[in-house]
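Please look through the structure below before reading on.

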Amino acid sequence: MLVAAMNDKTLHVRIWRGLGADDDGRFVDYAVPRQDSQTVLDVVTHVQRVLDATLSYRFACRVGMCGSCAMTVNGQARWTCRTHVAKVVGADGVLEIAPLAHLPVVKDLATDMSAFFDKWARARGRFQGTLTRHDDFARVSPETPERQAANAGIECIGCAVCYGSCDVVQWRLDFLGPAALNRAWTLVNDVRDTDRTARLRAVAGDAGCHSCHTQGSCTERCPKAIAPTIAIAGLKRTVARAAVKGEL
Amino acid sequence: MSAVVGAASRGAEAAPEMALRNAVAQARRWYWQRISAMVLAVCVVLHLAGMVWAVRGGLSAAEILSRTQGNALFAAFYAVFVLACAVHVPIGLIAITSEWWRWPPAAATWFARGVTAALVVLGLRAVWAVYAPGA
């Protein structure tokens, strides 16, 4: 009956509803008025504000900066605030919205991202320098290969779209994942950083860069056009050189 | 109490050491698989091209053996091919058995060692069979 009511002015939306792993989640159908330049986040917000106030989801900035609104839209992880409905709606006019994959669901579309960010810490994603606020600025030429490699990955917003798209994360739950390894690669290339050896140790091994199969889903799906695949390949090379020299 | 604390601290020291060993082992496997892949890329192309060229006018087993027996260059090429396989294949099998079949690391490693031994013995035995005069 819902499908019969659909037309150009209405969108058939299916949203995953449930209370985490212990609850049998299910998709619930909604009819949402179609708007010009409507984003997926606009659709979810309409459902929550007009149709069902109990729907839970996460967002903050709505302009692609904060990285909190990623969801699975018609089977693919996407940042919903910058994803236009017209680009992703199926040929059957259905928009299916589910929580991000590979993370435990708190409720409905909101996932628990603790594991994702804990892995940034495990990969030693924190800058470790020697200068204090009393020292002069470090001068780093933007032309150096190291700085350019760091710059290539520095705009990550931590949305976990790459994490939700990675098959290796699905196979190995302890795999650090593309975002944490990309972060580590930016720091390995930061000439001011002093934690290089410990970081290389942290990102090598079974759960680190060597588990990556170079399938490239992270790079394909990253909304910021970052290439974690290249970062991970760089880590593999750097770790190998360190191991050969006995510096690991 | 102190014994418990001692055991806990020993565990904390052992864990990073194991992680480091694992990191070094994975790094080595990575570059050995890369190097062996480069060797295999050349070997496979030469092997296929050589086969196509050699049998273009039809070839019997006797004719093959007449060319390979005593041919040191041929034997050396296929010995390298065998050794590159023996390096490359087991490393990939460790990843497959641990990821797809969830084998524990020790089982995957010992299985890979067995495959290495089999590839070396059977492969070099096959090279010897077509190289050695009258084998």
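**Briefing**

In this model, 12 residues of chain A are in contact with 11 residues of chain B (contact: C-beta atoms, placed from the backbone, within 7 Å). The model is predicted: local features need pLDDT of at least 70 and side-chain atom pairs count only at pLDDT 80 or more, while totals for chains, interfaces and linings use all residues. Residues are numbered from 1 along each chain as its sequence is written, and chains are lettered from A and ligands numbered from 1 in the order in which they are written.

**The side of chain A that touches chain B**

- Helix α10 (residues 228-244) of chain A gives the most to this side, with 4 residues (helices, H or I, have at least four residues and strands, E, at least two; both are DSSP runs numbered from the N terminus).

**Helix packing in chain A**

- Helix α7 (residues 178-188) of chain A packs against α10(A) at an angle of about 60 degrees, and their axes are 8 Å apart (axes are lines fitted to C-alpha atoms, for helices over the stretch in contact, and angles run from 0 to 180 degrees between N-to-C directions).
- Residues of α7(A) that meet α10(A) include A:Leu181 and A:Trp185, and those of α10(A) include A:Ile232 and A:Leu235.

**Strand pairing in chain A**

- Strand β1 (residues 10-17) and strand β2 (residues 26-33) of chain A run antiparallel and are joined by 8 bridges (two strands pair if DSSP finds at least two bridges between them).
- A:Arg17 has A:Arg26 in β2(A) as its bridge partner.
- β1(A) also pairs with strand β5 (residues 94-98) of chain A, in the parallel sense, over 4 bridges.
- The bridge partner of A:Ile15 in β5(A) is A:Ile97.

Notes:
Contact = placed C-beta atoms within 7 Å.
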